[in-house]
Amino acid sequence: MSSNEDILAKPLSLPCGAVIQNRLCKSAMTEGIADEYNRATDEHLHLYKSWSEGGAGLLISGNIQVDRRYLERPGNIAIDGNQDEEQLRRLRNLAEAGTKNGNHFWVQLSHAGRQTDPKVNKFGVGPSAIKSRNIAGQKISPSFTPRELDSKEISNIIHKFSDASRVLKETGFTGVQIHSAHGYLLSSFLNPNANKRDDEYGGTIQNRASFLIHTIRSVRKAVGKDFPVSIKINVTDCVKGGLPPEEAIELGHLLDQEGLDLIEMSGGNYESIAILDGSSKAHGDKVKEAYFLETSKSLREKITKTPLMLTGGLRSRSIMERIVNSESIDMIGIGRPLCGLPSGPKLLLEKKISSLPRYEDKIDFPLFLKWIKIFSIGKVLSRATTLFWCYYNEILLSKGEKSDEDGTRVKGLKAYNFMDKFDLKKASSLKGLNECEGLILNRKKK
Ligand SMILES: Cc1cc2nc3c(=O)[nH]c(=O)nc-3n(C[C@H](O)[C@H](O)[C@H](O)COP(=O)(O)O)c2cc1C
């Protein structure tokens, strides 16, 4: 490529032979709009059609659950075991809508583990019976002590990941991403705070990573060598006692031996707001752009065979170009900007804009409530407001309506209230989950 300017438009060839048409990716963003059986809906079609038209070479779905009892949100899609004809038809339609523009569309597969939504199921599962100290506090985001998984259950979950991968390949998705970031089940096994096991899944980083490594191998076996298999990891958990830097590097080295097609690097979990601003008490102040770039550099040195994607806070074209050019990062992951401006990648590539919108700086409490941010809980709520604004915009797009492009039409607090009710309603509408006891679903009468 002759100049820096065109680097983002350059196709990327993956180890499996697939080619991504440019370097921009819409990162996974939970949609919350599945039906009462956690199946894809027509709303998903609108949403992914607009993202496909938006110009990113790669779209990654919001987390789709491999075990329906452990949802991250009540409206997640689940691909759990054998799928009926109706669900297969809906998945085929979704794959078709999301690949309209010739882009790739991968499904992110996940298990929520100890971060299971308590509205649906209070009893999550994890490496050990240690509950997540959710940063938003017990009142706003309660967490419960998970049950420790035994090794038979672990192999069962590994099969669930590979079975789901087979389904999504058959239904026309063009790749799979295994979610091992942000504190969900696979990621929690890597986190020394959450994993105190003394069997083959606990202790050294090699042991703590073995659930993940077996999952990758099993997924690869299910989809074959020509189908993209990727993973999302935390380069840092951004909490005291979380994945140490030297172990993150060792993890990178282990993953590099597994024939993956892309490793996406992110950070944080429910115990830190780093996912959305890179900040944490353990890892210093908030970074304005490319939150995890510094931490990712040491991994890049160890990961020599697998393409890398960096996600978190990337907004301006010049920084994206520099990162791809000089930091040997292959893909740029983008989240929040594409909720308000789904055509952002296209506009960046056509040089009609030089930066994606920073909604995180715009969407906030109303003026009279801004004082709340002097408290740390206020800062968390402020980030949550942007998150709920994103959810709200996903809903607008899923109905074929116009999103709040300039971030002025939909007020943060309004989105927060709306989405809170939306998820409660979803939780109470779920069917066929009789064995779950949630704060809303199948709640026990006192
Ligand atoms: C509305 C929303 C939903 C998200 N859902 C997921 C998800 O399902 N899986 C995941 O790995 N990350 C999820 N994330 C995190 C994003 O993929 C991304 O890592 C994060 O937003 C930082 O990128 P950004 O600064 O470009 O937004 C979500 C983020 C947002 C804002």
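Modeller: Happy to! Let's start with strand pairing: two strands count as paired if DSSP finds at least two bridges between them. Keep in mind that this is a predicted model. Here, β10 and strand β11 (residues 262-267) pair in the parallel sense over six bridges. Within that pair, Ile231 stands opposite Ile263 in β11.

Biologist: How does the chain get from β10 to β11, and what is the hand of the crossover?

Modeller: The chain goes through helix α8 (residues 245-256), making a β-α-β crossover that is right-handed.

Biologist: Which other strand pairs with β10, and over how many bridges?

Modeller: That's strand β9 (residues 175-180), which runs parallel to β10 over five bridges. You can pick out His179, which sits opposite Lys232 in β10.

Biologist: Why is β10 said to be largely enclosed by the rest of the structure?

Modeller: The idea is to count neighbours: a residue is buried if 20 or more other C-beta atoms lie within 10 Å of its own. In β10 (residues 229-236), eight of the eight residues are buried, so the strand is largely enclosed by the rest of the structure.

Biologist: Is Lys351 buried or exposed?

Modeller: Exposed, because Lys351 has 11 C-beta neighbours inside 10 Å.

Biologist: And the ligand? Which residues come nearest?

Modeller: Of the 24 residues around the ligand, the nearest are Ser27, Ala28, Gly335, Arg336 and Cys390. Helix α15 (376-398) gives the most to this shell, with three residues. By type, the shell splits into 10 nonpolar, 12 polar and two charged residues.

Biologist: Let's zoom out. How many helices and strands does the protein chain have?

Modeller: There are 16 helices and 13 strands. The radius of gyration of the chain is 20 Å, close to the 22 Å that the globule rule gives for 446 residues, so the chain is as compact as a globular protein of that length. Of those 446 residues, 55% count as buried.

Technical notes:
Residues are numbered from 1 along each chain as its sequence is written. This is a predicted model: local features need pLDDT of at least 70, side-chain atom pairs count only at pLDDT 80 or more; totals for chains, interfaces and linings use all residues. A residue is buried if 20 or more other C-beta atoms lie within 10 Å of its own, exposed if 12 or fewer, and partly exposed in between; C-beta atoms are placed from the backbone. Helices (H or I, at least four residues) and strands (E, at least two) are DSSP runs, numbered from the N terminus. A crossover is right-handed if, with the strands pointing away from the viewer, the path from the first strand over the helix to the second runs clockwise. A residue is near a molecule or strand if its C-beta atom, placed from the backbone, lies within 6 Å of it. Ala, Val, Leu, Ile, Met, Phe, Trp, Tyr, Cys and Pro count as nonpolar, Asp, Glu, Lys and Arg as charged, and the others, Gly among them, as polar. The radius of gyration is taken over C-alpha atoms; the globule rule is 2.2 Å times the number of residues to the power 0.38.
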